[in-house]
Amino acid sequence: MNSDSDLQIAGDLFEVLHLLQPAREHPATVADFVGLARSIAADRAQWAPLVQYDATSRWYHRLRTGPGYEVWLLSWVPGQRSGLHDHGASSGVLTVLEGELSERTERGTRALAAGAQRVFAPGYVHEVVNDSLEPAVSLHVYYPGLTDMPMHQSQSALSTAAAHDVVTA
């Protein structure tokens with residue numbers, strides 16, 4: 001008897017297939033989507049040749065789709081920003097591939113260097129900005145695929161609007 005455990009496996013484990021988890025063809029959990037983003041980030045040859053920079057607007061390219069999810073590649077030149085927004089019914093994983101981005105929320109600003117990842121739930125409101133002097137590239141995985149990206153007024157804009165309403169009322 002094994003003193004480390006009371007459980008012992010007799011025979012060939014692969015003969016009890018009904019007890020084994022099937023291998024997943026596509027991601028299904030938050031950890032799976034984070035892993036997908038990390039594996040794409042690690043395969044620079046897959047995404048780097050596609051990156052373009054546009055001084056007039058953020059550049060984006062849908063890199064991959066799967067059952068219920070999509071993967072987007074974005075580039076950011078210095079000063080570009082997403083605007084304050086959420087992702088509707090989609091959850092997501094944001095991964096910085098190159099450069100540095102800032103994420104702004106009502107709780108403050110977070111610097112995201114290359115390799116940083118942020119996981120967010122549906123309805124999470126944030127703004128992503130390239131505050132640096134160098135371009136940046138990011139990868140975004142959305143589940144379900146992104147169909148809505150409502151824009152929000154910033155807190156300062158809301159405060160200004162509220163103050164204006166009080167003054168003119």
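In strand 7, Glu127 is the bridge partner of Arg104. Strand 4 (residues 100-105) and strand 7 run antiparallel and are joined by three bridges; two strands pair if DSSP finds at least two bridges between them. Strands here are DSSP runs (E, at least two residues), as helices are (H or I, at least four residues), and both are numbered from the N terminus. The model is predicted: local features need pLDDT of at least 70 and side-chain atom pairs count only at pLDDT 80 or more, while totals for chains, interfaces and linings use all residues. Residues are numbered from 1 along each chain as its sequence is written, and side-chain values use heavy atoms, with hydrogens and water left out.

Strands of a sheet pair through backbone hydrogen bonds, in parallel or antiparallel fashion. In this model, three strands form an open sheet in the order 5-4-7, with antiparallel pairing. Strand 5 (108-113) and strand 7 (127-129) each have a single partner strand, so they stand at the edges and one side of each lacks a neighbour in the sheet.

Rings of Phe, Tyr and Trp (its six-membered ring) pair if their centres lie within 6.5 Å; planes under 30 degrees apart count as stacked, over 60 as edge-to-face and the rest as tilted. Five aromatic pairs are counted by this rule. The pair of Phe33 and Tyr143 is tilted because the ring planes stand at 35 degrees, with the centres 5.2 Å apart. This pair links distant parts of the chain, with Phe33 in helix 1 (residues 30-42) and Tyr143 in strand 8 (residues 136-143), 110 residues apart. Together with Tyr69, Phe33 and Tyr143 form one aromatic cluster.
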